Amino acid sequence: MWVNWSGGQQANPRRTDRPLDEAGVVAAVQRAAERGTRVRPVGAGLSGSPLAVTDDVHLDCSALTGVVSLDGDRVRVRAGTSLAALLGHLAGCARTLAVIPEALAVSVGGAVGTGTHGGSAATGSLSAQVTGVRLVDGLGTLRALDAESPELDAVRTGLGALGVLTEVELRTVPLTELAVREELRPFDAALADGTLDAHAWAALEVHVPSGEAVVRRGDPVGADDRAAAEGPAAPANPVLAAASGSAEALGRVVSWLAPAPWPGSRPAWKPSSRWDGGLAIGDPHIVLPDPRPWRGEITEWAIPREALRAALRELGAATSARGLELRRPVDVRVGPAETGWLHPAQGRATAWIAVRSPRGADHRPLFGLVAAVLEDLEGRPHWAGRHDWTVAELERTYPRLPDFLDVRDSLDPGRRFTNDHLDTLLGP
């Protein structure tokens with residue numbers, strides 16, 4: 001039996017294939033076509049949605065790993081490689097990715113297929129960095145798509161419905177250390193002063209009932225940051241200082257070891273970053289990801305950027321009125337418009353809102369209410385989170401859906417790569 005990372009999705013596939021190379025993927029898909037069985041590719045299993053659930057064939061891509069080439073600013077990597085492994089390799093070559101997602105255990109193929117994003121107003125998701133792919137289509141044919149291929153914007157956030165990605169080519173950027181700080185501020189103030197746009201990376205952890213937010217922001221390291229890191233040490237008792245709740249205390253001493261400023265928040269610092277006096281300095285893939293990945297359920301929504309303030313206020317009012325108060329912090333990030341036809345940020349600057357529920361709890365009342373509120377603000381769900389959308393919602397909100405379905409008909413005419421969830425979401 002297969003179980004995803006949170007434990008919320010399970011499957012009993014009749015067969016699990018674990019190909020070691022592209023030839024093995026081709027053989028597995030051709031064998032499934034001959035037998036009339038369906039295939040679902042599986043990466044790291046971190047997604048909370050049923051995208052990988054099947055009772056037919058699981059195609060385990062965990063052996064399709066390694067960097068194939070690094071040429072100029074382009075890296076070609078096998079799709080089963082984890083982001084952590086890719087970023088570690090790139091760091092050794094003084095390169096990195098322009099976007100650093102919160103969780104690095106995900107596979108490259110899975111992150112691209114679901115539209116995994118970072119925390120920069122100016123930099124798109126991992127899907128936006130894709131300049132080419134190799135995939136095996138529903139007939140078992142290996143195809144190569146490059147930046148000039150009209151199908152590439154379909155494959156960006158393809159949900160595993162178009163084929164099995166075997167290699168992905170991504171843009172890279174020079175590796176630059178970041179200085180990352182955090183402070184406690186009113187959410188409205190953080191929005192009013194443009195915090196989310198003023199930094200290379202920014203994220204908010206919003207305690208909706210109080211309106212307070214932990215603001216985390218990162219920028220390339222400057223001389224002042226070096227001096228601060230070499231300055232006086234943090235107070236002798238960081239636990240007491242952080243517990244005081246003041247913005248000054250939080251800005252100076254909240255580390256990955258300190259208590260959270262309120263129940264359920266998740267400090268962002270890692271022991272591998274250099275922590276001095278409220279400042280973390282290190283490579284982006286070290287200081288930006290969450291050191292304590294969430295093992296419960298999550299629903300995340302992409303809303304028009306301008307609706308962010310109203311969204312949090314309406315979420316607070318709606319959940320409080322129904323006795324579903326948002327006691328756990330809500331994660332907020334922003335990003336630019338995307339070109340991927342089914343990317344949740346397609347065609348518009350976007351604010352991302354993530355709501356979490358503890359593992360084992362009944363998430364449906366809260367997540368259903370979150371969906372109702374954010375759908376009214378033209379929200380679209382992140383495909384790796386919990387949602388109950390059907391093809392009717394996609395037809396209403398994704399103008400390029402017909403183009404995506406045309407590519408699907410071309411690459412997988414026999415619907416080799418579907419399951420019950422995708423039949424509901426994209427149609428049979």
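Colleague: What makes β3 and strand β5 (residues 57-60) count as paired?

Modeller: Three bridges join β3 to β5, and two strands pair if DSSP finds at least two bridges between them. So the two count as a pair, and they run parallel. In one of the bridges, Arg-15 has Val-57 in β5 as its partner. Before we go on: this is a predicted model, where local features need pLDDT of at least 70, side-chain atom pairs count only at pLDDT 80 or more, and totals for chains, interfaces and linings use all residues. Residues are numbered from 1 along each chain as its sequence is written, and side-chain values use heavy atoms, with hydrogens and water left out.

Colleague: Why do β3 (15-17) and β4 (39-42) stand at the edges?

Modeller: The open sheet has three strands, in the order β3-β5-β4, with parallel pairing. β3 and β4 each have a single partner strand, so one side of each is left without a neighbour in the sheet. From one strand to the next, the twist averages 25°.

Colleague: How many bridges join β4 to β5?

Modeller: Four bridges join them, and the strands run parallel. Arg-40 is bridged to His-58 in β5.

Colleague: What makes both faces of β4 covered?

Modeller: On one side sit Val-39 and Pro-41, on the other Arg-40 and Val-42, and all are buried. That word means under 20% relative accessible area, with exposed being over 50% and partly exposed in between (1.4 Å probe, protein chains only).

Colleague: Which helix lies across this sheet's strands?

Modeller: Helix α1 (residues 22-35) lies across β3, β4 and β5, running at about 155° to β3. Angles here run from 0 to 180 degrees between N-to-C directions, with axes being lines fitted to C-alpha atoms, for helices over the stretch in contact. The names come from DSSP runs: helices are H or I, at least four residues, strands are E, at least two, and both are numbered from the N terminus. The protein comes to 15 helices and 21 strands.

Colleague: Why are α11 and α12 called oblique to each other?

Modeller: The axes of α11 (residues 308-321) and α12 (residues 364-375) come within 10 Å and cross at roughly 140°. Under 35 degrees is roughly parallel, over 145 roughly antiparallel, 65 to 115 roughly perpendicular, and the rest oblique. The pair is therefore oblique. Ala-311, Glu-314, Leu-315, Ala-318 and Thr-319 of α11 make the contact with Leu-366, Leu-369, Val-370, Val-373 and Leu-374 of α12, where contact means heavy atoms within 4.5 Å.

Colleague: What makes strand β11 (residues 164-171) mostly covered?

Modeller: Seven of its eight residues are buried. Strand β7 (residues 74-78) pairs with β11 in the antiparallel sense over five bridges, and Arg-78 stands opposite Glu-167 there. Strand β9 (residues 130-136) also pairs with β11 in the antiparallel sense, over six bridges, and Arg-134 stands opposite Glu-167 too.

Colleague: How many of the protein's residues count as buried, as a percentage?

Modeller: 54% of the 428 residues do. And among contacts between residues at least 6 apart in sequence, 69% join residues at least 24 apart.
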